[in-house]
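These are my notebook entries on one protein chain. I record what I looked up and how each term was applied.

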Amino acid sequence: PEAALRSLLDDAQRRLEEMATYQVRLTRVERVGNQLLPEENALLSIRREPKAVRLNWTEGPGKGREVIYSAAINDRVIHVNNANTSIPIPARMSVAVDNPLVMRNSRHGINEAGFDTIFENMSKQIDEAGRPVGEGRISYKGLQSPSEGDEPCHLIQRITPSKEVWRVYLDQENLMPVVVTAHQGDGELLESYRYDDLVANPPELASADAFDPDRRWGEAKGLFSRLATAAGAAAAAQPAADQTRTR
């Protein structure tokens, strides 16, 4: 079983390395604090190196909103465009990745988005032979369907030291995640992510404009947008300033 798990993860990692970029439809539900947030549907676009993420909301109250993160531009900032939504906030702004307003809507920072983080979290819990390491547990559960009507997938279950139970369902053909769920030890849902319609290396994402907010949206205009962007830049610069003062 250990060798099978190691082999499966190694094969999946090789498949992932063949994708410089990819695009996939994302459906997510997360519990933040004690509140289970409404389901969200978005188009997730990833550039793996240097890391960049783009989210386009396709349904619900945030339909038309777009968010971009690019480590090549600034790894402490995310850029938000609300121009096509009914949300009564500035059309465009830039905020720190760990801004409380951002983190109240997700358990994860946008820089964690994508398949690399999923595979890294599993791989660090096993050694080269596939044996578990550390305080958590991880095991291969064979082929199981994420839900009724789904095709069987490779199921890997990971239990963290804090007793969270993570289940990662990998597509039999491309070995990429189809569904990822996390539950507390008492069974309460923490989060559920579903990935559909994966497209590897789409031509659109090869463009230099794909993850550049200024090239996609134009420069920020209007007083409120400029103020929001300035506040975001100041927040992003604060950790570096704090570190300098402590040296």
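**Aromatic cluster**

I began with the rings and found that Tyr22, Phe115, Tyr193 and Tyr195 form one aromatic cluster. I note that this is a predicted model, in which local features need pLDDT of at least 70, side-chain atom pairs count only at pLDDT 80 or more, and totals for chains, interfaces and linings use all residues. Residues are numbered from 1 along each chain as its sequence is written, and side-chain values use heavy atoms, with hydrogens and water left out.

I used the ring criterion as follows: rings of Phe, Tyr and Trp (its six-membered ring) pair if their centres lie within 6.5 Å, and planes under 30 degrees apart count as stacked, over 60 as edge-to-face and the rest as tilted. The structure holds three aromatic pairs. One of them, Phe115 with Tyr195, is edge-to-face, at 5.1 Å centre to centre and 80° between the planes. Phe115 lies in helix α3 (residues 115-123) and Tyr195 in strand β12 (residues 189-200), so this pair ties together parts that are 80 residues apart in sequence. Helices (H or I, at least four residues) and strands (E, at least two) are DSSP runs, numbered from the N terminus.

I followed strand β12 to Val199. Val199 is partly exposed, with a relative accessible area of 39%. Neighbours within four places in sequence aside, Val199 is in contact (heavy atoms within 4.5 Å) with Thr21, Tyr22 and Gln23.

Asn201 lies in the loop between β12 and α4 (213-217). Asn201 has a positive phi of about 50° although it is not a glycine, and at 35% relative accessibility it counts as partly exposed.

**Nonpolar cores**

I next looked up the nonpolar cores, each a set of buried Ala, Val, Leu, Ile, Met, Phe, Trp, Tyr and Cys residues joined through side-chain atoms within 4.5 Å. Which residues touch the most other members of the largest core? They are Leu44, Phe115, Phe119, Met122, Ile156 and Tyr195, in a core of 41 residues. Helix α1 (residues 2-17) gives the most to this core, with five residues. A second, separate core of six residues includes Ala52, Leu205, Ala210 and Phe211.

I listed the surroundings of Ile156, not counting residues up to four places away in sequence: among those it touches are Leu5, Leu8, Leu9, Met122, Ile138, Trp166 and Leu170.

**Charges over rings**

I counted a charge as sitting over a ring if NZ of Lys or CZ of Arg is within 6 Å of the ring centre and within 35 degrees of the ring normal. The charged end of Arg54 sits over the ring of Phe211, 5.9 Å from its centre. The charged end of Arg65 sits over the ring of Trp57, 4.2 Å from its centre.

**Backbone entries**

I found a cis peptide bond joining Glu49 and Pro50, with omega about -15°. Pro50 lies in the loop between β3 (40-47) and β4 (52-57).

Lys163 is in the loop between β9 (153-159) and β10 (165-170). Lys163 has a positive phi of about 75° although it is not a glycine, and counts as exposed at 53% relative accessibility. Lys163 is also one of the contacts of His183, along with others including Glu164, Val165 and Leu190. His183 itself is found in strand β11 (residues 177-183) and is buried, with a relative accessible area of 18%.

**Whole chain and confidence**

The secondary structure comes to five helices and 12 strands, and 44% of the 247 residues count as buried. The mean pLDDT (the predictor's confidence in each residue, from 0 to 100) is 85, and 85% of residues reach 70 or more. Over residues 223-247 pLDDT stays under 50, and the model has 26 contacts beyond four places in sequence for them. Where pLDDT is low, the predicted coordinates should not be read in detail.

Methods:
Buried means under 20% relative accessible area, exposed over 50%, partly exposed in between (1.4 Å probe, protein chains only).
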